Amino acid sequence: QVQLVESGGGLVQAGGSLRLSCAASGRTFSSYSMAWFRQAPGKEREFVAAISWSGVTGYTDSMKGRFTISRDNAKNTVYLQMNTMKPEDTAVYYCAAGTYSNSQRSYAYWGQGTQVTVSS
């Protein structure tokens with residue numbers, strides 16, 4: 001069992017940066033792949049980025065170069081650094097733990113989400 005708590009969301013101007021954190025409880029954090037998904041108003045939840053237990057990363061093409069996922073297994077925390085943000089990045093961002101994939105179905109554990117709003 002893994003519990004996930006996201007933090008770091010908020011309001012930022014276009015072109016700005018935010019870093020999201022996801023703190024995990026449980027002794028087996030390092031064995032899970034972790035991912036970030038997001039859901040904008042009126043849209044389906046979409047994949048943002050994932051990182052395997054060994055540090056392999058993957059991103060949605062539109063976010064490559066702007067977003068960086070990382071993890072600190074000693075702190076049971078995964079991060080999402082978001083740079084050069086755009087209004088279309090506005091969404092609720094969710095952290096998930098599971099098997100390395102860009103599919104929601106591969107992740108068994110989910111956080112409650114953190115709101116990110118980018119103003120133009």
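Reader: Start with A35. Which residue is its bridge partner in β5?
Author: A50 is the bridge partner of A35 in β5. Bear in mind that this is a predicted model.

Reader: And what stands opposite A35 in β9?
Author: A96 does. A35 therefore has a partner in β5 and another in β9, by the DSSP strand assignment.

Reader: How many bridges join β4 and β9, and in which sense do they pair?
Author: Seven bridges, antiparallel. β9 covers residues 91-98.

Reader: What about β4 with β5?
Author: That pairing is antiparallel too, over five bridges. β5 runs through residues 46-51.

Reader: Is β4 mostly covered or mostly open?
Author: Mostly covered. β4 spans residues 33-39, and six of its seven residues are buried. Buried here means under 20% relative accessible area.

Reader: How many residues sit between the strands in the β4 and β5 hairpin?
Author: Six. G42 in that hairpin takes a positive phi near 75 degrees.

Reader: Switching to non-glycines. What is the phi of N76?
Author: Positive, about 50 degrees, although N76 is not a glycine. N76 lies in the loop between β7 (67-72) and β8 (77-82).

Reader: And T84, what's phi there?
Author: Near 45 degrees, again a positive value in a residue other than glycine. T84 is in the loop between β8 and β9.

Reader: Why does T84 count as partly exposed?
Author: Because its relative accessible area is 47%.

Reader: Zoom out. How many helices and strands are there?
Author: Zero helices and 11 strands.

Reader: What radius of gyration does the chain have, and what would a compact globule have?
Author: The chain has 13 Å. A compact globule of 120 residues would be near 14 Å, so the two agree. The C-alpha atoms fill a box of roughly 40 × 25 × 25 Å along the principal axes.

Reader: What share of the chain is buried?
Author: 45% of the 120 residues. The chain exposes about 6200 Å², with carbon and sulfur atoms supplying 47% of that.

Reader: Contacts: what percentage join residues at least 24 apart?
Author: 56%, among contacts between residues at least 6 apart in sequence.

Reader: Last one. How many positive and negative side chains?
Author: 11 positive and 7 negative. The centres of the two sets lie 5 Å apart.

Technical notes:
Residues are numbered from 1 along each chain as its sequence is written. This is a predicted model: local features need pLDDT of at least 70, side-chain atom pairs count only at pLDDT 80 or more; totals for chains, interfaces and linings use all residues. Side-chain values use heavy atoms; hydrogens and water are left out. Helices (H or I, at least four residues) and strands (E, at least two) are DSSP runs, numbered from the N terminus. The radius of gyration is taken over C-alpha atoms; the globule rule is 2.2 Å times the number of residues to the power 0.38. Buried means under 20% relative accessible area, exposed over 50%, partly exposed in between (1.4 Å probe, protein chains only). Contact means heavy atoms within 4.5 Å. Accessible areas come from the Shrake-Rupley method with a 1.4 Å probe; for residues, only the protein chains shown count as cover. Lys and Arg count as positive and Asp and Glu as negative; His and the chain ends are not counted. The place of a charge is taken as NZ of Lys, CZ of Arg, CG of Asp or CD of Glu. Two strands pair if DSSP finds at least two bridges between them.
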